[in-house]
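Subject: Structure handover

Hello,

Here is the structure I promised to pass on. My notes follow below it.

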Amino acid sequence: MSLTAEPTVMSGKTQVLGGITVLDTPLITRAMDYARTHSEPFLFNHAVRSWLFAVRLGQLQGVPHDSEVVAVGTLLHDLGLTKSFTGPKRFEIEGADAARAFAREQVLDDRQVQLIWDSVALNSTPSIGLYKEAEVALCTAGIGVEFGFQYDRIPPNEMKSILAAFPRLEMKRRFTDSVCRIVKTKPETTYDNFAGDFGSVSCPATSGRLPWIS
């Protein structure tokens with residue numbers, strides 16, 4: 001998707017967060033409250049930044065999409081890293097299941113629910129997520145900006161405003177700690193995803209628990 005000169009126009013009530021104009025609906029407010037309730041401050045800020053990046057990429061690239069699906073998908077994408085949702089499956093799936101349950105409680109239709117599930121489940125797999133529906137692709141891209149992917153597509157002044165409103169709060173260290181906790185407690189869920197890389201590099205004390213890591 002190539003950049004366009006002007007952002008797309010939103011239909012409905014809007015608000016400005018971190019200098020970015022976003023849709024303002026009761027559903028989005030509830031998703032933000034849900035993310036805030038279950039996430040540590042650093043993880044909540046990460047989720048909001050991911051949403052704002054996704055929104056801005058969609059605006060700059062003129063991508064038609066369901067704004068509420070993108071909001072819910074990005075805001076809830078890391079629920080599986082929280083202590084509230086710690087089942088036996090890999091953390092992306094635990095998070096996707098939690099986000100799906102939330103979406104169903106909000107009486108979203110089946111397609112919206114499935115797009116939200118896919119957005120969360122594929123949030124760390126851009127080689128797939130970027131080629132899915134627009135909502136999934138935007139969620140994946142917005143989350144990717146957080147880790148340096150397409151970082152330069154967000155204008156520097158807007159990036160500064162987003163980071164000022166939702167600071168990183170030692171994101172790198174705290175996020176690493178969260179993933180290492182998964183590696184330590186559920187090593188069997190990390191064999192085919194990036195968490196295994198953390199096990200071998202960022203939390204080496206756990207490498208003996210990961211037989212696929214030499």
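Start with Gln15. Gln15 is partly exposed, at 24% relative accessible area. (Buried is under 20% relative accessible area, exposed is over 50%, and partly exposed lies in between, with a 1.4 Å probe and protein chains only.) Gln15 sits in strand E1, residues 14-17. (Helices are DSSP runs of H or I with at least four residues, strands are runs of E with at least two, and both are numbered from the N terminus.) Setting aside neighbours within four places in sequence, Gln15 is in contact with Ile20, Thr21, Val22, Leu23 and Asp24. (Contact means heavy atoms within 4.5 Å.) Gln15 and Thr25 are ten residues apart in sequence, and their C-alpha atoms are 9.5 Å apart in space.

Before the rest, the ground rules. This is a predicted model, in which local features need pLDDT of at least 70 and side-chain atom pairs count only at pLDDT 80 or more, while totals for chains, interfaces and linings use all residues. Residues are numbered from 1 along each chain as its sequence is written, and side-chain values use heavy atoms, with hydrogens and water left out.

Overall layout

The protein chain has ten helices and two strands. The order from the N terminus is β-β-α-α-α-α-α-α-α-α-α-α. Of the 214 residues in the protein chain, 53% are buried. Take the contacts between residues at least 6 apart in sequence: 64% of them join residues at least 24 apart.

Helix packing

H1 covers residues 26-38, and its axis is 9 Å from that of H2, at an angle of about 150°. (Axes are lines fitted to C-alpha atoms, for helices over the stretch in contact, and angles run from 0 to 180 degrees between N-to-C directions.) H1 and H2 are therefore roughly antiparallel. (Under 35 degrees is roughly parallel, over 145 roughly antiparallel, 65 to 115 roughly perpendicular, and the rest oblique.) Their crossing is right-handed. (Right-handed means that the near helix is turned clockwise from the far one by less than a right angle; anticlockwise is left-handed.) From H1, Ile28, Met32, Ala35 and Arg36 meet Phe44, Val48 and Trp51 of H2. That contact has six nonpolar residues, no polar and one charged. (Ala, Val, Leu, Ile, Met, Phe, Trp, Tyr, Cys and Pro count as nonpolar, Asp, Glu, Lys and Arg as charged, and the others, Gly among them, as polar.)

H2 (residues 41-61) also packs on H7 (residues 134-146), at about 120° with axes 7 Å apart. H2 and H7 are therefore oblique. This crossing is right-handed. H2 brings His46, Arg49, Ser50, Phe53, Ala54, Leu57 and Gly58; H7 brings Leu138, Cys139, Ala141, Gly142, Ile143, Val145 and Glu146. The contact divides into eight nonpolar, four polar and two charged residues.

Glu146 lies in H7. Is Glu146 buried or exposed? Buried, with a relative accessible area of 7%. Its side chain makes a polar contact of 2.8 Å with the side chain of Arg49. (A polar contact is a pair of N or O atoms within 3.5 Å; within protein, one must be able to donate a hydrogen and the other to accept it, and residues adjacent in sequence count only if both atoms are side-chain atoms.) Beyond four places in sequence, Glu146 touches His46, Arg49, Ser50, Phe53, Arg168 and Met171.

His77 is in the loop between H3 (67-75) and H4 (91-105). His77 is buried, at 1% relative accessible area. Its side chain makes polar contacts with the side chains of His46, at 3.0 Å, and Asp78, at 3.2 Å.

The loop between H8 and H9

Arg168 is in the loop between H8 (156-165) and H9 (171-185). Arg168 is partly exposed, at 33%. Beyond four places in sequence, it touches Phe42, Arg49, Glu146 and Leu163. Arg168 and His46 are 122 residues apart in sequence but 6.9 Å apart in space, C-alpha to C-alpha.

Two backbone angles deserve a look. Most residues other than glycine have a negative phi. Leu169, in this loop, has a positive phi near 50°. Glu170, also in this loop, has a positive phi of about 60°. Leu169 is partly exposed, at 38%, and Glu170 is exposed, at 51%.

Best wishes
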